[in-house]
Structures are given as structure tokens and as C-alpha cells.
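Trainee: I've got a structure open on my screen and I'd like to talk it through. Could you take my questions one at a time?

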Amino acid sequence: MAAGVVWVALKGHPLGVTRHHCSVGGPMGMLRAVCPHGPPWYPRVRYGTPWVPIPSPHRSLRFHPRSAPSHSAGAMVVLRAGLCPGLTEEMIQLLRANNIRTVVDFVSSDLEDVAQSCSLSYKALVAVRRVLLAQFSAFPTNGADLYEELKSSTAILPTGNPSLDQLLDAGLYTGEVTELAGAPGSGKTQVCLSIAASVSLGLRQHVFFLDSTGGFTASRLYQMLQARVEDKEEQVESSAGPLKAVLIDSVSAVLSPLLGGRQSEGLAIMMQLARELKTLAKEFSVAVVVTNQVTRDSSTGALKSALGRSWSFVPSTRVLLQGRAVPWEDGAAPHTACLAKSPRQPTGMQVQLDIGSDAVQEQRPVTPTP
Amino acid sequence: MQRDVGSLPLSPALRARLLAAGFQTAQELLETGPCGLSKEIGISREEALEALQVVRQECAGDAAKTAGGSGSTRKCTALELLEEEQTQGFIITFCSALDNILGGGVQLTKITEICGAPGVGKTQLCMQLAVDVQIPECFGGVAGEAVFIDTEGSFMVDRAADIATACVRHCQLIAEAHQEEDHLQALETFSLESILSHIYYFRCRDYIELLAQVYLLPDFLSEHSKVRLVVIDGIAFPFRHDFEDLSLRTRLLNGLAQQLIIIANDHKSAVVLTNQMTTRFGQNQSMLVPALGESWGHAATVRLIFHWDNTQRLATLYKSPSQKESTIPYNITDKGDQNHSWYSRDLQIPALTSGLPRCAASTCHPKCRRY
């Protein structure tokens with residue numbers, strides 16, 4: 001490991017600390033899969049390590065269509081004929097007779113004993129084990145390669161709002177999930193529309209907007225686009241690039257009816273959604289923006305994002321938007337955005353946002369990314 | 001076919017067993033077959049058969065959706081939405097200033113919430129809207145019917161009759177001024193009886209009845225497809241008194257909000273809700289805020305707050321996706337012989353597009369485009 005950094009893929013449990021399904025690369029490159037029913041293993045990783053793209057060098061050996069390692073829930077897979085070359089039906093029957101049913105059992109058992117008791121060739125077993133390990137475990141990448149890959153695949157999308165860009169350290173990073181939380185009327189939908197306008201107009205790329213609140217107004221988007229296009233002749237037919245931004249407004253509107261009470265599935269569904277979003281962001285190199293509601297903390301009275309602590313580990317960046325509490329009373333306290341969680345900037349940074357209701361009159365210049 | 005086992009609609013115990021046995025996608029389940037499944041998990045063959053049936057149905061449904069069938073999630077481009085919005089009408093409120101800050105009136109397919117202290121005029125506006133939604137298209141209306149769900153018992157039929165009479169009279173004045181064929185034709189069907197007969201009134205006494213009514217509403221709306229407005233007068237009332245479990249209340253309200261969004265979108269109707277006000281204690285002062293908590297604030301797309309300033313009633317647009325925040329004064333008037341039942345005296349009518357003569361009523365809504 002030349003760069004001295006070992007990144008660990010934490011699979012299956014987005015909370016970041018896991019006792020199950022974790023593979024750690026040791027110094028000799030040996031991989032050890034941990035059985036979830038065995039003793040717990042707490043790898044020494046920094047909390048909140050992001051997902052690692054898993055560039056398996058043995059891509060050609062992957063025969064089973066679903067065995068993308070980032071999707072598999074570890075090695076809890078039943079041994080089946082055709083899982084890899086060399087694993088025949090009779091082999092499976094013999095292994096099953098010796099109580100080896102899953103990949104984990106196979107990989108963690110002593111092959112010499114297995115060869116003796118099942119009367120199978122040791123070489124064949126070793127070959128099968130190598131293939132299974134390649135398919136089902138994660139490979140450690142060294143930091144330098146990871147950095148190179150991130151540099152080539154990550155893009156920074158401007159949000160269309162210069163102060164928000166400053167807060168987010170130049171914009172939205174692809175491969176990450178960003179959350180915008182705020183009270184009703186604080187401007188979340190407006191910020192989402194402005195991101196959609198700036199990405200589709202400025203970068204000429206597709207934007208996927210998933211609306212679960214009914215707040216998407218096409219005429220407002222049209223207003224914003226008109227304000228950004230300074231030169232009407234610029235509206236030329238251009239081929240749009242690939243999808244780079246996925247906006248979900250809002251994720252709590254559909255998840256909060258499922259949480260709480262005696263329903264046991266709400267949390268599982270929420271975590272499944274979280275996993276899908278993170279995988280989407282990482283594998284397809286898109287920036288995922290979600291909108292969340294706020295609830296009032298019962299003890300301090302402060303506003304915090306909804307959906308609880310489990311959801312708070314999902315986005316890597318969280319911005320809290322605030323509008324005016326009582327609009328007809330004193331002064332025009334403008335909309336502000338406060339950074340609640342970020343991997344790059346100090347938290348607690350606060351900027352003023354200009355939601356820009358007179359967007360038709362004012363000409364908003366295209367911002368150069370700093 | 002690559003669908004995760006965790007997302008299939010099976011019972012949680014069965015799902016846990018499947019995951020423990022190592023099944024991950026729906027395809028693996030289907031490949032194993034009922035006998036293999038029952039042996040591996042330890043359930044009876046019938047249960048395995050049932051489970052596989054469910055899985056097969058789900059996969060067939062998914063295939064139909066991806067093949068372009070219209071599922072419950074609607075996919076379209078922003079340009080298509082823009083074209084739809086531009087052809088959509090608004091429900092006018094007969095108060096020109098209010099319609100201006102709303103961008104033309106109450107928008108269809110959106111949820112509008114009206115909050116205010118008692119006596120400020122929320123039910124009046126709801127009754128006005130229930131009448132205005134029925135204005136024929138040649139007069140600038142949407143020609144739809146209305147559903148009125150009342151939880152507080154504040155719907156007064158005689159007041160609705162007054163409003164309807166004033167509205168009919170207003171349309172008659174327009175028709176007299178312009179003597180066009182379609183106006184006179186529309187007027188024949190637009191009378192007090194027809195207006196009142198197209199307001200469908202439901203009375204709900206507690207939150208269970210209200211929830212049941214809202215969840216049954218899609219069936220009602222598919223029978224009466226001309227409904228363009230659903231009013232729920234008093235959504236706070238059944239949820240505020242006698243409710244011990246606050247987290248249950250939040251969940252019920254969130255589910256209700258989603259159901260209303262579905263109704264608004266599928267049937268292209270406007271949903272109008274009225275809410276009460278409650279006091280919140282800040283650091284050093286207390287203020288009046290809409291009731292039902294923070295999470296309910298996200299249910300409505302447009303929020304109007306009515307409040308008093310000494311003796312003047314004011315309306316503030318607090319939350320809107322396309323209009324900016326503003327406050328206007330308004331009045332509620334009795335019916336008069338030539339006046340409308342509700343109009344604003346304090347703001348000027350925006351500039352008229354052509355030099356057509358004004359009608360006898362001194363202030364008239366610009367949406368009646370003959371003026």
C-alpha cells in the first residue's frame with residue numbers, strides 16, 4: 001500500500017459503523033470475510049467514511065449478473081451451481097452434506113479438511129475460493145489511485161446562487177448526497193428550481209426532478225431561465241449532456257408517514273432508500289439533492305432536520321434554510337442558509353440567500369466558479 | 001427482475017427468513033421454485049406458492065410500468081408541464097388584490113391553505129370559491145363543481161345563496177353589456193339552483209370520519225369528474241382537541257397531506273384547506289402561527305395567512321412556489337344589489353388591456369376580460 005491509506009468499503013449498513021459484512025485488506029492483500037454471526041469486528045476507520053467505488057480488477061470473472069459487489073449484502077449468499085466456473089451441482093451437494101451452505105461458510109472454512117471430508121480436489125476448491133473472493137469482497141484501493149479517480153470523475157455543479165456556492169465550497173459535488181432542510185416557506189423548492197435552471201442552462205445537462213409535494217411550478221422555472229439567458233439568440237438547439245443532477249423534493253413527505261408508532265418497516269424502507277441514493281450518486285457520478293422538513297427539538301426549541309438520527313448520516317452535506325418566522329412583522333429578515341454538516345467547510349457558516357422573486361426584471365449574471 | 005427481496009410486499013417474518021437464507025433478488029426466488037423455497041426456508045409449500053405468486057405479480061407490474069404504462073408516478077418534461085400550466089385556469093376569488101398576489105387566483109392541482117384567527121373570513125372565502133369554481137368558461141371561470149367537507153359546522157346555506165345570487169347577477173351584467181351568444185347560452189344553465197346543486201357537502205364530526213372521507217374521495221371524484229375544487233373547512237379542528245398521541249397525529253396528517261396531493265394531481269382540482277392559529281412562545285415574545293405544527297406546514301403548496309391590523313383585515317401570502325410574499329388589505333361586504341359579495345376597495349385595478357367600457361359594478365375583476 002504505497003500511499004499508506006487503506007479505504008474500507010462498508011457495505012450494507014449506511015450508518016457507517018458495522019459489525020457485519022465488512023472486509024478489510026491486510027498488508028498481504030489477503031481478504032477475510034467476516035461471518036455476521038461470528039464475533040464482532042470493529043475496524044478502525046474514521047466515522048463517516050464515504051462509499052468507495054469498487055474497481056474490481058477481476059471484472060471478467062463476474063458471471064452472475066447480480067453480483068456487483070457494491071450491491072451484494074456481503075457474503076450471505078447461498079452456494080448455487082453456476083455461481084462461478086468450477087462450482088458444479090455435485091460439488092454443492094457434497095458441500096451441503098458437510099454443512100457448508102453459503103459463500104461465507106465456504107470461504108472461512110479450512111480447505112484441507114473440506115477436501116478430505118468431501119473427497120474433492122484441493123486445487124479445485126482453492127480455485128473456486130479465489131473466484132468467490134474476487135466476486136464477493138471489496139478490494140482495497142490505495143489513496144493515490146482513489147484521488148486520481150475522484151479527480152477525473154467528480155464534477156462540481158454550480159447552484160445558480162453565488163452565496164450558496166460559497167457555502168458548499170464551489171457548488172454541488174457529484175457522487176455525494178446533499179440535503180436542504182427548512183421550515184415551510186424557507187425557500188427549499190426555490191433553491192431546487194434554481195439548481196435545475198442553472199445546471200440545465202449553464203452546463204447543458206439533463207436534470208431529473210422528483211417532486212413529491214406538488215410544489216414544482218413550471219412557470220417559475222421558466223421565469224428563472226429567462227432571467228439567466230442574457231442573450232436571446234443564445235437559445236440554440238444544443239444537445240444536452242448526460243444526467244448529472246437528481247433533485248428529490250421532498251424525501252420526508254413520503255417517508256414520515258411510515259416512521260414511528262408500531263410500524264416496524266419504516267426505518268428499513270428509509271435505509272433502503274438511503275442506500276439506493278448513495279449508490280446512485282457514486283456509481284453514476286451524479287449529484288443527488290434531497291429536501292427535508294424540520295421539526296422542533298422538544299428540549300431546546302431549536303429547529304433540526306426531520307427523519308431522525310438515522311437519516312442524519314445519509315447526506316454528506318446538510319444545509320439549513322431559514323426564512324422569516326412571522327412575515328408581516330418587523331423588517332425584512334432575508335432568507336439565510338446555515339451549514340449544518342459538511343466534509344469540507346467548517347460547520348456553522350451562514351450566508352444570506354437571495355431567492356429572487358423579481359427574477360424577470362433582474363439580470364442574474366452567470367457566475368464563474370471560484 | 002433484479003428487484004431486491006427487501007422491497008417486495010411480503011410479510012416481514014417471511015422476508016427476514018429469505019434474507020437470512022441468502023436470497024437477494026426476485027429472480028433468485030423465481031428460479032428456486034416453490035419446493036426448493038419451502039425446503040430452504042422451512043415454510044409449507046402453500047405459503048411458498050403464495051409468496052411466489054406475489055413476486056410474479058410485482059415483477060409483471062414493474063415490467064408494465066417500465067414499458068410505458070401509466071403508473072401512479074407521472075413522468076414528463078418541464079416543457080410539457082409549462083404548456084399544461086399555461087392552459088390551466090384559475091379559480092377567481094372576486095377580490096382583485098387577492099387574485100393578484102396569488103398570480104391569478106387559486107391554482108388548480110395545488111393545495112392552498114388559508115390560516116387565520118376566528119372571524120377573519122376563512123369560511124367566507126371558502127364559500128365564495130365554491131361558487132366561483134362554477135362560473136362558465138366564457139366568463140373566465142373553470143366551469144367545475146365543488147366538494148365542501150365541513151368539520152366545524154360553519155357552512156351557512158343562506159350565506160352561500162347570497163353569494164351565488166350576487167355572482168349570477170354579476171355575470172348577467174356582463175352578458176347584458178356584451179350581448180354575445182355564448183354568454184346568454186351559458187347564463188341559462190347558470191342559476192342559483194344549479195350553483196347550489198353542484199356543491200357537494202359532507203359533514204365530518206371527528207378525525208376518523210375526516211380521514212375516511214378523504215381516502216374515499218377518489219372514488220367519488222371519478223364518478224363526478226367535473227369537480228374542480230375540494231374545500232376542507234377546518235382541518236385543524238378534529239385534530240386539535242382530544243388527541244393524546246402527538247406522533248400519531250403527525251403521521252396521520254402526513255398521510256392525509258399525501259392523499260390530498262394525489263387527489264389534486266389526478267383529478268386536476270384545487271384543494272383548499274382552512275387552518276386555525278396557535279400561539280408559539282419565542283425567546284422573549286409570543287406570536288401567532290398556524291396550528292398543527294411544523295410538519296403540517298409542508299403539506300400546503302400555497303399558504304395564505306389572514307390577520308388583523310387594528311380594524312383592517314389583511315391577507316399575507318406566506319408561501320408560494322411562484323409568487324413573492326406580499327400583504328394586501330381586504331374587506332368582506334354584504335350582498336348588495338349591484339355589488340359583489342366580496343371585493344376590495346383599497347387597491348386599484350391593474351391596467352386594462354383594451355378600452356372596453358366598464359360594467360356597472362364599480363370594481364370588477366380583470367379576469368372577466370370584457371372590461
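Mentor: What follows is a run of questions and answers on this predicted model.

Trainee: Next is A:S186. Which backbone oxygen does its side chain reach?
Mentor: A:S186 is in the loop between strand 5 and helix 7 of chain A, and it's buried, at 2% relative accessible area. Not counting residues up to four places away in sequence, A:S186 touches A:L321, A:Q322, A:G323 and A:H335. The backbone oxygen that its side chain reaches, at 2.6 Å, is that of A:A183.

Trainee: On to charges: how many salt bridges does the structure hold over all chains?
Mentor: Here's the idea behind the search: side chains of opposite charge can pair when their charged atoms come close. One of the pairs is A:K151 with A:E148, the closest N and O atoms being 3.9 Å apart. Over all chains, the number of salt bridges is five.

Trainee: About how much of a helix separates A:K151 and A:E148?
Mentor: A:E148 counts as partly exposed, at 46% relative accessibility. Both residues belong to helix 5 (residues 143-153) of chain A, and because they are three residues apart there, the separation is about one helical turn.

Trainee: How many residues apart in sequence are the parts tied together by A:R344 and A:E176?
Mentor: The side chains of A:R344 and A:E176 meet in a salt bridge at 2.8 Å, N to O. A:R344 lies in the loop between strand 12 (336-341) and strand 13 (350-352), and A:E176 in the loop between strand 4 (172-173) and strand 5 (177-182), so the pair ties together parts of chain A whose separation in sequence is 168 residues. A:R344 is partly exposed at 33% relative accessibility, while A:E176 is buried at 17%. The value you asked for is 168 residues.

Trainee: Are B:R303 and B:E113 buried or exposed?
Mentor: Their side chains meet in a salt bridge at 3.1 Å, N to O. This pair links distant parts of the chain, with B:R303 in strand 10 (residues 302-309) and B:E113 in strand 3 (residues 111-116) of chain B, 190 residues apart. Both B:R303 and B:E113 are buried.

Trainee: Now the interface. How many salt bridges does the rule find across chain B and chain A?
Mentor: There, 46 residues of chain B are in contact with 50 residues of chain A. The two chains bury about 4000 Å² between them, 51% of it on carbon and sulfur atoms. Seven residue pairs are in polar contact, but the salt-bridge count across the interface is zero.

Trainee: Which helix gives the largest share of the side of chain B that touches chain A?
Mentor: By class, that side has 14 nonpolar, 19 polar and 13 charged residues. The largest share is five residues, and they come from helix 12 (residues 246-266) of chain B.

Trainee: What do the buried residues of helix 8 of chain A pack against?
Mentor: In helix 8 (residues 218-228), the buried ones are A:A218, A:R220, A:L221, A:M224, A:A227 and A:R228. They pack against helix 7 (188-202) of chain A together with helix 4 (78-87) of chain B.

Trainee: Last one: how many disulfides are there over all chains?
Mentor: Take B:C35, whose nearest cysteine sulfur, that of B:C59, is 19 Å away. For B:C115, which is buried at 0% relative accessible area, the nearest is that of B:C126, 11 Å away. A search of the whole structure gives a disulfide count of zero.

Conventions:
Residues numbered from 1 in each chain as written. Chains lettered and ligands numbered in written order. Predicted model: local features only at pLDDT ≥ 70, side-chain atom pairs only at ≥ 80, totals over all residues. Heavy atoms only, no water. Buried < 20%, exposed > 50% of the residue type's maximum accessible area, 1.4 Å probe, protein only. Helix = DSSP H or I, 4+ residues; strand = E, 2+ residues; numbered from the N terminus. Contact = heavy atoms within 4.5 Å. Buried area = accessible area lost by both parts, 1.4 Å probe. Salt bridge = Lys/Arg side-chain N within 4 Å of Asp/Glu carboxyl O. Polar contact = N/O pair within 3.5 Å; in protein donor to acceptor, adjacent residues only side chain to side chain. Nonpolar A, V, L, I, M, F, W, Y, C, P; charged D, E, K, R; others polar. Disulfide = S-S within 2.5 Å.
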